[in-house]
Amino acid sequence: MDFRVRRIFHLVVISSLICAQIRADAETSGSVFFIDNPKHQYVRTPSQNDVAQSHSMLLSEVGAAVSILLGFAPPATLSATGSSKLNKVLMPNPFDRPRAVFMLEVRGVADPKLMVDLDNTRLIDAYRSNIIPGSNKADIQLPDEDEVSVVYLDEQSAEHNDKEIRNFASWLGGSYVADTLEPLKGELMIPVGNGDHVNLHMSKKAEREFALSLLALSQNIKRAMDVHENLAQSMQRPAELMMGSFDAIKALQEQYGHEGVGRQGMKLLLATLCRIFDSLQTAYEGQIVGVLFFNGTPSPESETVLNLMFNSRPSSRMLAEAAGSRAIIAAEVFLVRRTLAWLTGIILLIATLLGIYFLFNMPLTRDTLLYSNVKLD
């Protein structure tokens with residue numbers, strides 16, 4: 001009898017834990033990973049004893065974390081609870097910020113660890129937090145457009161060729177076997193760790209579009225690094241933000257499901273993101289933090305959930321108009337002053353000429369200055 005009671009009790013406890021886990025997963029709409037440099041950390045190392053609630057954040061808190069990493073103050077609307085969460089995520093030194101952030105929203109995936117093994121990726125050591133659904137969008141508040149260099153990673157090239165695919169495969173340590181009859185119809189083979197390889201057949205539309213989206217992302221990253229090299233030579237270096245979204249994995253999984261090709265595509269995406277961040281770490285000398293947001297419930301409008309919001313300051317046009325108005329007022333004042341000076345000079349000149357004229361035509365005996373002691377008849 002006691003054995004049956006204990007067994008029923010254990011089943012009840014296990015069922016409660018499973019229900020709690022399911023409820024917690026239902027209350028989250030995604031996850032965010034803060035990827036840091038192990039040699040120079042800007043993000044805290046998560047403790048193994050942390051409870052699940054301490055790893056939950058709102059979208060607004062993620063946006064505030066990005067603002068702080070860029071070297072700016074968090075928004076005034078940040079709550080005390082949100083500030084406490086950020087203290088658990090970010091290092092406390094306000095004078096040591098990377099001032100460079102690589103932020104990417106991966107749509108259609110709530111948590112990559114539910115699909116693939118993260119042991120061979122940088123995500124295994126990243127600080128992970130669940131996203132609590134509180135609003136569909138949040139703002140990243142920044143002070144001024146001149147203080148932040150923003151590079152968007154959503155730009156898509158109109159045309160690609162087999163050479164670009166081959167270079168992309170070589171960059172990832174893989175290879176590409178082109179089709180001799182038709183371009184962009186070959187086979188792409190990329191290693192993803194532990195001797196495993198991902199094969200994508202470019203002749204299939206979904207796999208080709210997925211591979212080309214990864215290629216476009218890598219090209220945009222290289223463009224961002226070129227911008228960084230130019231900014232590094234300037235006297236006043238602004239903060240740098242690279243942001244974009246990636247939804248090709250969603251289309252791939254809708255075509256093939258979460259297993260098979262869909263699972264292989266997730267592995268290739270994580271391998272590409274790790275390779276991208278390694279390149280960024282080298283280019284930025286470790287002074288950069290990656291923020292990967294996996295959005296399991298993207299909006300149907302395909303809009304980013306984290307938007308840039310610059311504080312209201314006079315725009316360049318308003319400043320130009322104000323400068324033009326001041327110039328007009330200064331010109332008017334100068335004209336009035338010059339006119340008064342000319343009029344005064346002309347009046348003094350006329351008065352001087354009249355005085356000289358009357359002085360020369362005055363009788364000498366009437367000059368009281370010369371003949372003040374002379375008695376006149």
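I take strands to be DSSP runs of E of at least two residues, numbered from the N terminus. With that settled, I looked up serine 245 in this predicted model and found that serine 245 belongs to strand 10, which covers residues 239-246.

Setting aside neighbours within four places in sequence, I listed the contacts of serine 245 as Leu104, Glu105, Arg107, Asp154 and Thr304.

I then turned to a helix pair. Helix 6 spans residues 248-256 and helix 7 spans residues 261-283, and I noted that the two pack at an angle of about 160° with their axes 8 Å apart. Angles over 145 degrees count as roughly antiparallel, and I therefore recorded helix 6 and helix 7 as roughly antiparallel to each other. Their crossing I recorded as right-handed.

Which residues meet where helix 6 and helix 7 touch? From helix 6 I wrote down Ile249, Leu252, Gln253 and Tyr256, and from helix 7 their counterparts Val261, Gly262, Gly265, Met266 and Leu269. By class, the residues of this contact divide into 6 nonpolar and 3 polar, with no charged ones.

Last, I looked up values for the whole chain. I noted 8 helices and 12 strands, and of the 377 residues 38% count as buried. The accessible surface comes to about 22,700 Å², with 56% of that belonging to carbon and sulfur atoms. Among contacts between residues at least 6 apart in sequence, I found that 78% join residues at least 24 apart.

Notes. Residues numbered from 1 in each chain as written. Predicted model: local features only at pLDDT ≥ 70, side-chain atom pairs only at ≥ 80, totals over all residues. Heavy atoms only, no water. Axes fitted to C-alpha atoms, helices over the stretch in contact; angles between N-to-C directions. Helix = DSSP H or I, 4+ residues; strand = E, 2+ residues; numbered from the N terminus. Parallel < 35°, antiparallel > 145°, perpendicular 65-115°, else oblique. Left-handed = near helix turned anticlockwise from the far one by under 90°. Contact = heavy atoms within 4.5 Å. Nonpolar A, V, L, I, M, F, W, Y, C, P; charged D, E, K, R; others polar. Buried < 20%, exposed > 50% of the residue type's maximum accessible area, 1.4 Å probe, protein only. Areas by Shrake-Rupley, 256 points an atom, 1.4 Å probe, with all protein chains shown as cover.
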